[in-house]
Amino acid sequence: MTDTTPDTTANSFPRAGFRRRFGSWIYDFLLSFAVYMVAGAASFLLIYLGYYFGLYGMQGEQHFSDTIANTYWLKWPNELWKMAWVVFFFVYFWTKNGQTLGMRAWRLRVQNLDGSLLSKTTAIKRLVPTFLGLGNVLVIFDRKNKLSLQDRLTKTEVVVLSLEANRGRL
């Protein structure tokens, strides 16, 4: 069970601006891409084992990767599997301590407005407008509140932690 009690010191941290969020986004994009690739390698192995043990053939294709790409009952479960692992990456870190690895490097923390950790439901809701970081563009135009689209829709915020507060995390 995740601890969602408010962090009394969290309310004293300032909200993050666009540049810091963008730096964190670059780190997390690379990490999530790596998660996607590892999940893809695992699914390729599992699908290939199905072929190897005779569950299905090459479906008229010459290369096995073409079989996956051109067979809808192999392609879509494969894509959903890979995306599920990327979703898990973000939801796990956001609900565990409010920081992905990229956010930790940039001393950022995502939290509810009262300073508590996100629930799994809130983290999943936050992912949709976060897709490719486009929701963060709103921070450029909202210099006063520094809230992104995903912050507004899920009643959350991204704050900049002090060096001391960031050191004790993860």
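## Strand E1

Strand E1, residues 108-112, is mostly covered, with five of its five residues buried. Buried here means under 20% relative accessible area, exposed over 50%, and partly exposed in between, computed with a 1.4 Å probe on protein chains only. Strands (E, at least two residues) and helices (H or I, at least four) are DSSP runs numbered from the N terminus. Both faces of E1 are covered: Leu-108, Val-110 and Asn-112 are buried on one side, and Arg-109 and Gln-111 are buried on the other.

E1 runs antiparallel to strand E2, residues 156-160, and five bridges join the two. Strands are taken as paired if DSSP finds at least two bridges between them.

## Basis of the model

This is a predicted model, in which local features need pLDDT of at least 70 and side-chain atom pairs count only at pLDDT 80 or more, while totals for chains, interfaces and linings use all residues. Residues are numbered from 1 along each chain as its sequence is written, and side-chain values use heavy atoms, with hydrogens and water left out.

## Arg-109

Arg-109 belongs to strand E1 and stands opposite Val-159 in E2. Its relative accessibility is 3%, so Arg-109 counts as buried.

A polar atom of the Arg-109 side chain lies 3.1 Å from the backbone oxygen of Gly-115. A polar contact is a pair of N or O atoms within 3.5 Å; within protein, one must be able to donate a hydrogen and the other to accept it, and residues adjacent in sequence count only if both atoms are side-chain atoms.

## Salt bridges

A salt bridge is a side-chain nitrogen of Lys or Arg within 4 Å of a carboxyl oxygen of Asp or Glu. By this rule there are five salt bridges. One of them joins Arg-15 to Glu-157, with the closest N and O atoms 2.7 Å apart. Arg-15 lies in the segment before helix H1 (18-52) and Glu-157 in strand E2, so this pair ties together parts 142 residues apart in sequence. Arg-15 is partly exposed at 26% relative accessibility, whereas Glu-157, at 7%, is buried.

Arg-152 and Asp-142 also form a salt bridge, their closest N and O atoms being 2.2 Å apart. Because Arg-152 is in helix H7 (residues 149-154) and Asp-142 is in the loop between helix H6 (138-141) and H7, the pair ties together parts that are ten residues apart in sequence. Arg-152 is partly exposed at 38% relative accessibility; Asp-142 is buried at 9%. Elsewhere, Arg-21, Arg-126 and Asp-151 are linked in a network of salt bridges.

## Helix H3

Within helix H3 (residues 72-96), Lys-82 and Glu-79 are three residues apart and so separated by about one helical turn. Their side chains meet in a salt bridge at 3.0 Å, N to O. Lys-82 is buried at 10% relative accessibility, and Glu-79 is partly exposed at 24%.

How do H3 and helix H5 cross? The axes of H3 and H5 (residues 120-130) come within 9 Å and cross at roughly 130°. Axes are lines fitted to C-alpha atoms, for helices over the stretch in contact, and angles run from 0 to 180 degrees between N-to-C directions. The two helices are therefore oblique to each other, given that angles under 35 degrees count as roughly parallel, over 145 as roughly antiparallel, 65 to 115 as roughly perpendicular and the rest as oblique. H3 passes H5 in a right-handed crossing, meaning that the near helix is turned clockwise from the far one by less than a right angle, anticlockwise being left-handed.
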